[in-house]
Amino acid sequence: MNGRALETALLDDVRARLATGRTGAGAAVRDAVRDSGRVLGSDALRDLERSARAELTGAGPLQPLLDAADVTDVLVNGPHDVWVERGAGLERVPVGLGSTADVRALAVRLAALGGQRLDDACPTVDARLPDGTRLHAVLEPLAESGALISLRVLRTRAFTIDELVVGRALPRQWAGLLRALVRRRANVLISGGTGSGKTTLLAALLSLVPDDERVVTVEEARELRPAHPHVVHLAARRANVEGAGAVDLADLVRNALRMRPDRIVLGECRGAEVREVLMAMNTGHDGGFATLHANAVAVVPARLEALAGLAGMTREAVAAQAAGALDVVLHLRRRQGTRYLAEVGLVGRGPGGELEVRPAAWWDGGERCAADPAAWSELVGRYGPW
Ligand SMILES: Nc1ncnc2c1ncn2[C@@H]1O[C@H](COP(=O)(O)OP(=O)(O)O)[C@@H](O)[C@H]1O
Ligand SMILES: [Mg+2]
């Protein structure tokens, strides 16, 4: 038996032992090695135990990728088609996951680790693994073969504003504005494309909220980890297999309002809950935050209208509510693996009464930073000096 085959056989044995529920990973590995009649050195034993643990309680062969300090995303398209994002664009990595059936089995096991099912009846999953990693997986036939797995690593510590400046995610000239927006309790909408850093910026801003304020966050799955002593998190729940028991984001926002929040935070507006959030911000709950998927500032009004339309709001009603509720839009952009705050906009109504986000300042992620004098001085007038 070669080393790889031995390891596979041992892992099968370890898996069987663990399935009995009577033993832990360490003991299962030791017993399996003893019973295999092999004598392993302490290093080999430790390696085997590590891969057994990764295989059984973590992301298996993907765990080392997830553990690397600079990796933010791990994407599996097939057994020999694995990609990682390290902040400089996607790179393919030489990791072999066996067959397409093995990829499918890995997806199913990861979903189970996240407390969700993934099978033919329920072929997509969005879950959170015990270490906070966010999992999305799709099975065949929705995916072309086997399964597609997308993992997003959770950063455990929020960035400070200064770190964002140093990391060139934010121009130094705007750091004071952001602090002032939090201090002066502006209602802020953070917009941007997928993976543009919305949640990251939100966590950094929440870390600026004074310690004596209570922050209540509402998210589809828990992601936000601000550096703040008083944050309570509400996460949505899906329906069970009988289709009952779902608690959606709109329900959670309504509940959050009754929890004596000083700050209401909606992790991501995805649907009808936008109505509840706008209503909350219009009825005295200021200093709130929400993020919204939008590829450009110009499409923010249309996105809000589309989402609020799901809750039965008319265009006119959305314009009135959103203009009254929201103060500032912070728009993020992602370019070749870098993420930066590209635009600051003021929310209001245009000449025809339509919802409008007026650009106040722009940054190209490099040397060029510009502002619209009138809109910028309006910002300074409202939130300054900083
Ligand atoms: N300024 C930044 N510097 C380094 N990594 C970042 C930065 N902003 C975001 N990231 C990383 O990029 C990934 C996507 O960020 P996230 O905030 O979740 O985006 P979004 O909420 O827009 O989808 C995360 O893994 C996050 O840790
Ligand atoms: Mg996000």
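I began at the ligand: an oxygen atom of ligand 1 sits 3.0 Å from an N or O atom in the side chain of arginine 152. The model I am reading is a predicted one.

I then looked for other side chains that reach ligand 1 in this way. Threonine 199 has a side-chain N or O atom 2.7 Å from an oxygen atom of ligand 1. For threonine 200 I noted 2.6 Å, again between an N or O atom of the side chain and an oxygen atom of the ligand. Next I checked the cover. Ligand 1 taken alone exposes 560 Å², and the protein buries 85% of that.

Which residues come nearest to ligand 1? I listed Gly195, Lys198, Thr199, Thr200 and Arg339, out of 15 residues around the ligand.

**The nine-stranded sheet**

I traced an open sheet of nine strands next. Its order is S9-S8-S10-S11-S7-S12-S13-S14-S15, and the pairing is mixed. Why is one side of S9 and of S15 left without a neighbour in the sheet? Strand S9 (231–235) and strand S15 (369–371) stand at the edges, so each has a single partner strand. Neighbouring strands here are turned by 25 degrees against each other on average, direction ignored.

Strand S7 (residues 188–192) and strand S12 (residues 328–335) run parallel and share five bridges. In that pair I found glycine 192 opposite leucine 332 of S12.

Then I looked at helices against the strands. Helix H10 (residues 273–282) lies across strand S10 (263–269) and strand S11 (289–293). H10 runs at about 155 degrees to S10. Helix H13 (residues 373–383) also packs on the sheet, where it touches S12, strand S13 (338–349), strand S14 (355–363) and S15. The direction of H13 makes about 95 degrees with that of S14.

**The six-stranded sheet**

I moved to an open sheet of six strands, ordered S3-S2-S1-S6-S5-S4, with antiparallel pairing. Strand S3 (90–93) and strand S4 (124–128) are at the edges with a single partner strand each, so one side of each lacks a neighbour in the sheet. From one strand to the next, the twist averages 15 degrees.

How many bridges join S5 to S6? I noted six between strand S5 (residues 134–139) and strand S6 (residues 147–152), which run antiparallel. Valine 138 stands opposite leucine 148 in S6. Helix H5 (residues 100–113) packs on this sheet and touches strand S1 (73–78), S4, S5 and S6. I read about 45 degrees between the directions of H5 and S6.

I kept one general point in mind: most residues other than glycine have a negative phi, and most peptide bonds are trans. I searched for exceptions.

Glutamate 140 and proline 141 are joined by a cis peptide bond, with omega about 5 degrees. Proline 141 is in the loop between S5 and S6. The bond from glycine 384 to proline 385 is cis too, with omega near -5 degrees. I placed proline 385 in the segment after H13.

Where does arginine 185 lie? It is in the loop between helix H7 (172–183) and S7. Arginine 185 is not a glycine, yet its phi is positive, about 60 degrees.

Technical notes: Residues are numbered from 1 along each chain as its sequence is written. Chains are lettered from A and ligands numbered from 1 in the order in which they are written. This is a predicted model: local features need pLDDT of at least 70, side-chain atom pairs count only at pLDDT 80 or more; totals for chains, interfaces and linings use all residues. Side-chain values use heavy atoms; hydrogens and water are left out. A residue is near a molecule or strand if one of its heavy atoms lies within 4 Å of it. A polar contact is a pair of N or O atoms within 3.5 Å; within protein, one must be able to donate a hydrogen and the other to accept it, and residues adjacent in sequence count only if both atoms are side-chain atoms. Accessible areas come from the Shrake-Rupley method with a 1.4 Å probe; for residues, only the protein chains shown count as cover. Two strands pair if DSSP finds at least two bridges between them. Helices (H or I, at least four residues) and strands (E, at least two) are DSSP runs, numbered from the N terminus. Axes are lines fitted to C-alpha atoms, for helices over the stretch in contact, and angles run from 0 to 180 degrees between N-to-C directions. Contact means heavy atoms within 4.5 Å.
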